[in-house]
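Hi everyone, thanks for coming. Please have a look at the sequence and the structure on the screen, and then we'll walk through them together.

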Amino acid sequence: MMRKFYFLIWLGVAACTQQPADRFVLRGTVPGAMDSTKVTLRPADRWDRELATAYVVGGKFELCGKLDAPTLCKLSLDNVDYIRRSGQSQELMRCYELDFFAGNGRLAFTTPHIDSLPQAYGLYDIRKEKNYRVKGSAAQDAYYSYQQQTLPLRYGIQALRKQGNRGADDDSRMEAMESELEEMSRAFIRSNDNLAVRLYVAGMLKKPAFTYDQAYLDGLEQLFASCLDTCAALADFRCYLHDAARLVQGSPLQDDKVVGVDGKTVSLPAQMNPDGYTLIDFWASWCIPCRVSLILLREVYKDYGGKIRFVSVSLDEKEADWQKALKEENLPWGQFRSLPEQTKAFAEQYQLYGIPAFFLVDSEGRIVFSGSNVSELTEQLSGMN
């Protein structure tokens, strides 16, 4: 009878300690966190999708949910809504944000103190990534190792990017650090066996269209040559490599049509400089970053306008908006507008999903560079002299 009793107790203990196979339970300990601080877990690439939500009570929280596969998630701790509702001082408002790989099972989050966590948005400090741990996820163990190995380099690159008025020495130092980070990332992928984390790190090695060659893509493919397509993420990565091959540096500018200020439709390639380089600037009147970049682009024009041809292509749907902006900006180089159907074609042909965007085209009509900010463009132009 007693043996049966102890056996039943053992079964109960086993059931309580058994890893949940189809869901996750994340228990967190956050000393210093204000009660009613909201805790939210989301996929890192889906801000609009909440996996689980809870509130801090007594410095602790618990999140429950389900994941189909190990996933890079963002955990946010935010007391803003509570401070507003309770009428407390806005100086007490805090929002922290951090990422880690989560998977189904029992997970435990710990940190020495909530103020040791990285804050959200522009206040994010890479150095604070070492101040929290998540136990229970093999993928997170691998990711944490990568974070710590690369932390000094990533922080150095971040600091240089934020630095205003960088000199040539700073640019050279950042290029060297970026190259070293790339090599460390490749070495990590080769030496680690967690496929989810390896694919995430490989994703960070992707470059903008027309800034890489086929050999670069072949190198990325070789990192996973021994892996079978056992998960959707690996199949997606291989699809990316296949699609990216048509956007290698030196790919030809397509024979697209644009509209000039006189209302006539012309060939975009026909506006290129047959004796040198042409800069194509994609912008729109409603795009505030574009309008700001035009201020800087004027300075670039002063330095390089006599050496390369400048062409701007607006993505404005309404001609009136475009014409109004042209009068306001009074730009001293060729101006054209893309019709809506052509804008869709640009997005597919050149991965033009954001503006401003700058393309450099050589005298043979080949795209040799693309970028999204004037500093990148200036660096490229200075290296071509």
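Let's start with a disulfide, meaning a pair of cysteine sulfur atoms within 2.5 Å: C287 is joined to C290, with 2.4 Å from S to S. The angle about the S-S bond is 75 degrees, and the link of C287 and C290 is right-handed. By this rule the count is 1 disulfide.

A word on the ground rules: this is a predicted model, where local features need pLDDT of at least 70, side-chain atom pairs count only at pLDDT 80 or more, and totals for chains, interfaces and linings use all residues. Residues are numbered from 1 along each chain as its sequence is written, and side-chain values use heavy atoms, leaving out hydrogens and water.

The pLDDT, the predictor's confidence in each residue from 0 to 100, averages 91 over the chain, and 94% of the residues score at least 70. Over residues 4-18, though, the pLDDT is below 50, and this stretch has 3 contacts (heavy atoms within 4.5 Å) beyond near neighbours in sequence. Where pLDDT is low, the predicted coordinates should not be read in detail.

Now the domains, whose bounds come from an automatic or database domain assignment. The chain is divided into domain 1 (24-134), domain 2 (155-245) and domain 3 (254-383). The contact between domain 2 and domain 3 takes 7 residues from domain 2 and 8 residues from domain 3. How many salt bridges does the rule (a side-chain nitrogen of Lys or Arg within 4 Å of a carboxyl oxygen of Asp or Glu) find across that interface? It finds 0 between domain 2 and domain 3.
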